[in-house]
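Hi,

Here is the structure I promised to pass on to you. My notes on what turned up in it follow below.

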Amino acid sequence: MKKMDKTGTPASNSSDEIAKRVDALLNQMSLAEKVGQLAQVGGADWNQGPKPEEIIRERGVGSVLWLNDTKRFNALQKIAMEESPSKIPVLFALDVIHGYKTVFPVPLAMASSWDPSVAEQAQTIAAKESRAAGLHWTFGPMLDIARDARWGRIVEGAGEDPYLGSAMAAAQVRGFQGADLSDPERVLACAKHFAGYGAADGGRDYDPVYLPETQLRNVYFPPFQAAIKAGVSTFMSAYMDLNNVPANGNRWLLHDILREEWGFDGFVISDAFGVLNLVTQGHAKDKSDAAFRSLNAGLNMDMASNSYLDSLEALVNNNSISIEQIDEMVKPILTIKMKMGLFENPYVDETLLEKVIALPEHKQAARRAAQRSMVLLRNEGSLLPLSKELKNVAVIGPLADSMESTEGSWMVFGHKPDAVTVLQGIRNKLSDAKITYAPGPDIRRDIPHPFGEFDATAKKPRQTPEDADAAFQAAVETAQNADLIIAVMGESQDMAGEFASRASLDLPGRQEELLKAVSALGKPIVLVLLNGRPLSINWAAEHVPAILEAWEPGSEGGNAVADILFGDVNPGGKLPVCFPRNGNHAPLYYSRVLTHLPEDRPNYLSRYWDGPTTPLYPFGFGLSYTTFSITNLKLSSGQVKVGQSVTVNVDVTNTGKVAGDEVVQLYIHQKWGSDSRPMRELKGFERITLQPNETKKVTFQLGPDELGYWSTNADKWIQDAAPFDIWVGADSLATLHADLEVFG
Ligand code: GLC
């Protein structure tokens, strides 16, 4: 029976005991072994250099990635535990961003639920399935704030706002890691990409980022700080140059901010080949210089470039780097492996996975997450919900029966798409109706995805213009013969994600042309969007009566779409990012300073003369099948002292005929101060369910955490004594207002 310490933790796992075990282990390890722990080596067939088996046998290794093979995990672990010099277990890592086998909505969709418990449950299940497969570590959650919808990786994050992004960050870390790293059904989380990656010039993935410290601290850092507060074990540094210093070798980020100021005690891994990329970026002279700079910046582990493996021993031997620095980088890696209990339990039960992924509650959770993530953008004349008595429905569009686009970006290696598509979901719902289908013309990237070799869709031959025309006609005829049309359009899954930025936000291909053609038939029509970013659906927003934003909804996406279209579920999602009218308007976001000529002034309603620059749909927007009133805004006091808190209350009533969810949002605006402050900032939200005629009181707290900020002028965190506008409502245009005076 293991000895227990006073906290009931197995004595070998108490922090003090672990620190002692780490020191003892370090003392017996050779320099070569220590450097091995600072390496994450590629496990894919296409990886260059020595195979993991060889490196592990010779010196052990910190981690292996890009491998998804339970048997091989155990085989590699056996080499580590029986043949390597110090018998240190390997961490197996993979990108499990929104599900391992059970696929959840993409993170941007889960953020649209404005319900952190949805994200927490999703990542709990993702962790359970991943761990059953033999994985220990996921490269998630992705925490990059994105205010430029042209940037493809907007799909992987929680949108444009640091307050919502922080809530989703903490929820995902809790989901992945649970409360105790020794839990055999959890995996290590990884806060990525630190920091500022979403602000790439022009939304062009990998392009340089220029952000002043004020923006970093007030907008881009908060989700990472929330992840640390939630106990995240690892960070991943970003690819790009941040103010001309690549994040993978940026000591200000990885040491001064992350360790010194925030006290992060886990470890940091580079992005893929990020250490060696310092040479490509014209920052480091050569591989050895790159390894030197990254290690000195505070980067613990080199992902896949083998620069540490090839360079660090020589750098120690020529006294460029001290053995103490190496030990400092190795300690958190060994500490986390011990906290996980991997030294005692290094192997995975190879019979476990098939049982875990078959659990019915996993698919049920995926369906509920998808239902809560969808956003009703338009419902003119209450066309929705549709009647289940419909007998003849045409489903039109290239994504209607696409499993890949229903599951979305970032599937794990080897995953075979098996989602319930929208077409299938509608057929499941209306089992005795005539449901016809026509895809219309294909949609394809103009420039193939560089990882296209892994993607069946990308490998399909391109449609000829003649075939596209024929498909177009067939779709119009199919629509002609139906009583109601459901158009399923948007982007294919390779059009958002990594290396998937685009200049335009229009519907790709001939989708809008087809939408216009079938709309002209004069039949009731619904548009369901499957997409990984905001789209400039300006024509549809005027002419299609009902529009449902379904994002990339995962394994049960089609069923969830049908649940909403036919009224079994009342949609309650809200946009975590605004929808620009044009890709050229990006970056576009609600939380910005007033300027000397605010856009609400008559005659100055747009910054461009060729059209309005207000968003098509604002941040926080989403409709319901019922209606709500938000009234009786009351502050516990109209004045509050700097450093003190005030309570904000409102009443929310369901004034419609069906039960539904409202997301009540609290925004502040500091009217003047050390710096100009954004005209609106989200500082509270709560999603609540109300029965018809039911009223609930919703309460928020406003204190120094919400009212303070990093000031350019003061060059530090401050809270001004100043007057504030307080708004509470159902989106970022909320009008219910109160005044708050913060005094010195
Ligand atoms: C990729 C991504 C990163 C991912 C890593 C490992 O290039 O930038 O998000 O976790 O490589 O696959």
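Asn 531 is buried, with a relative accessible area of 0% (buried means under 20% relative accessible area, exposed over 50%, partly exposed in between, with a 1.4 Å probe and protein chains only). Asn 531 sits in the loop between strand 15 (525-530) and helix 22 (538-543); helices (H or I, at least four residues) and strands (E, at least two) are DSSP runs, numbered from the N terminus. The side chain of Asn 531 reaches the backbone oxygen of Arg 533 at 2.7 Å. Leaving out residues up to four places away in sequence, Asn 531 touches Glu 491, Glu 549, Trp 551 and Glu 552, where contact means heavy atoms within 4.5 Å.

Before going further, please keep in mind that this is a predicted model, in which local features need pLDDT of at least 70 and side-chain atom pairs count only at pLDDT 80 or more, while totals for chains, interfaces and linings use all residues. Residues are numbered from 1 along each chain as its sequence is written, and side-chain values use heavy atoms, with hydrogens and water left out.

Trp 551, one of the residues that Asn 531 touches, belongs to the loop between strand 16 (546-549) and helix 23 (557-565). Trp 551 is buried too, at a relative accessible area of 0%. Its side chain makes a polar contact with the side chain of Ser 112, at 2.8 Å. (A polar contact is a pair of N or O atoms within 3.5 Å; within protein, one must be able to donate a hydrogen and the other to accept it, and residues adjacent in sequence count only if both atoms are side-chain atoms.) Trp 551 and Gln 123 are 428 residues apart in sequence and 18 Å apart in space, C-alpha to C-alpha.

Gln 123 is among the buried residues of helix 6, which also include Val 118, Ile 125, Glu 129 and Arg 131. Helix 6 (residues 116-133) has 18 residues and spans 26 Å from its first C-alpha to its last, close to the 26 Å expected at 1.5 Å a residue; the expected span is 1.5 Å times one less than the number of residues. Which elements cover the buried residues of helix 6? They include helix 4 (70-82), helix 5 (107-112), helix 7 (162-177), helix 15 (352-356) and helix 16 (360-373). Just after helix 6, Gly 134 takes a positive phi of about 105°.

Next, the nonpolar packing. The largest nonpolar core has 156 residues, and Trp 137, Phe 194, Phe 235, Leu 312, Leu 377, Ile 537 and Tyr 617 touch the most other members. (Such a core is a set of buried Ala, Val, Leu, Ile, Met, Phe, Trp, Tyr and Cys residues joined through side-chain atoms within 4.5 Å.) Helix 14 (residues 323-339) gives this core its largest share, 7 residues. Domain 1 (15-352) and domain 2 (367-585) both contribute residues, so the core lies between them. A second, separate core of 35 residues includes Val 393, Val 422, Leu 430 and Ala 550.

The domain bounds come from an automatic or database domain assignment, which also gives domain 3 (628-743). The C-alpha centres of domain 2 and domain 3 lie 36 Å apart, and 5 residues of domain 2 are in contact with 9 residues of domain 3.

On to the rings. There are 26 aromatic pairs, counted when ring centres of Phe, Tyr and Trp (its six-membered ring) lie within 6.5 Å, with planes under 30 degrees apart stacked, over 60 edge-to-face and the rest tilted. Trp 66 and Phe 273 form a tilted pair, 5.6 Å centre to centre with 35° between the planes. Trp 66 lies in the loop between strand 2 (63-65) and helix 4, and Phe 273 in the loop between strand 9 (267-269) and helix 11 (274-280), so the pair ties together parts 207 residues apart in sequence. Trp 66 is buried at 10%, whereas Phe 273 is partly exposed at 31%. Trp 710 and Trp 717 form an edge-to-face pair, 5.9 Å centre to centre and 85° between the planes.

Asn 47 touches both Trp 66 and Phe 273, as well as Gly 42. Asn 47 counts as buried at 10% relative accessibility, and a polar atom of its side chain lies 2.9 Å from the backbone nitrogen of Ala 44.

Best wishes
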